[in-house]
Amino acid sequence: MKKIFVLTALMFATPAFAGGGSAVPTGNTIAAIVANDPNFSTLLTAVQAAGLASTLSSAGPFTVFAPTNAAFAKVPQDQLNALLNDPAALKALLLYHVVPGRVTAAQVVNLSTAKTVNGANVTIAVNGGTVTINDSTVTQTDIAASNGIIHVIDTVLMP
């Protein structure tokens, strides 16, 4: 119950972040797509808290493995709160979800690892039609943005 309350509070905190000096991105950038999709409201809160909205609005290109609200709901409440209150740790975690360049699903399935923007590698595995990044399953691929591409994942990647 506490986890639901915290995540609900985070989702309702998003407009406060957006209205508190950090403009909600517009256009077709990765940041704008995340900002305008309610399934990414917790990710948006985290991106804004880490100060990465402008980065994900920049030219890129980037490939983002984007965790949904349901993915963030799997993170223990105390861990999530600690991350949201530690911008440096939060930024490192979020950058672990970003790979430089535009990597399509067709390219991802031919990789076994990828180096993320935070410097660490993620492990990529393909089993039948399922692609996993570390312990996370890719649930949607190739959401095109003007500055890269988004692949939706069901679990937050922990470096």
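**A guided reading of the predicted chain**

The chain contains seven helices and seven strands, where helices (H or I, at least four residues) and strands (E, at least two) are DSSP runs numbered from the N terminus. This is a predicted model, in which local features need pLDDT of at least 70 and side-chain atom pairs count only at pLDDT 80 or more, while totals for chains, interfaces and linings use all residues. Residues are numbered from 1 along each chain as its sequence is written, and side-chain values use heavy atoms, with hydrogens and water left out.

Read along the sequence, the elements follow the pattern α-α-α-β-α-α-α-β-α-β-β-β-β-β. Of the 159 residues of the chain, 45% count as buried; buried means under 20% relative accessible area, exposed means over 50%, and partly exposed lies in between (1.4 Å probe, protein chains only). A contact means heavy atoms within 4.5 Å. Among contacts between residues at least 6 apart in sequence, 65% join residues at least 24 apart.

The interior may be considered next. In soluble globular proteins, nonpolar side chains tend to be buried together. A nonpolar core is a set of buried Ala, Val, Leu, Ile, Met, Phe, Trp, Tyr and Cys residues joined through side-chain atoms within 4.5 Å. The largest such core has 33 residues, of which L43, L90 and L94 touch the most other members. Elements that give two or more residues to this core include α3 (41-49), α6 (87-95) and β6 (136-145), and α2 gives the most, with five residues. Not counting residues up to four places away in sequence, L43 touches V34, A66, P67, N69, F72 and L94. Apart from this core lies another, of 13 residues, among them Y96, V108, A114 and V131.

After α3 comes G51, whose phi is positive, near 75°.

Two packed helices are described by the angle between their axes and the distance between the axes. Helices α3 and α6 pack at an angle of about 125°, with their axes 9 Å apart. Here the axes are lines fitted to C-alpha atoms, for helices over the stretch in contact, and angles run from 0 to 180 degrees between N-to-C directions. That angle makes α3 oblique to α6, because angles under 35 degrees count as roughly parallel, over 145 as roughly antiparallel, 65 to 115 as roughly perpendicular and the rest as oblique. In this packing, L43, A46, V47 and A49 of α3 meet P87, L90 and L94 of α6. By class, the contact has seven nonpolar, no polar and no charged residues; Ala, Val, Leu, Ile, Met, Phe, Trp, Tyr, Cys and Pro count as nonpolar, Asp, Glu, Lys and Arg as charged, and the others, Gly among them, as polar.

T116 lies in the loop between β3 (113-115) and β4 (121-127) and counts as buried, at 3% relative accessibility. Leaving aside neighbours within four places in sequence, T116 is in contact with L95, Y96, V98, V99, P100 and V122.

Finally, some backbone features stand out. Most residues other than glycine have a negative phi, and most peptide bonds are trans. A cis peptide bond, with omega about 5°, joins G60 and P61, and P61 is found in the loop between α3 and β1. N134, in the loop between β5 (130-133) and β6, has a positive phi near 55°. D142, in strand β6, has a positive phi near 55° and counts as partly exposed, at 36% relative accessibility.
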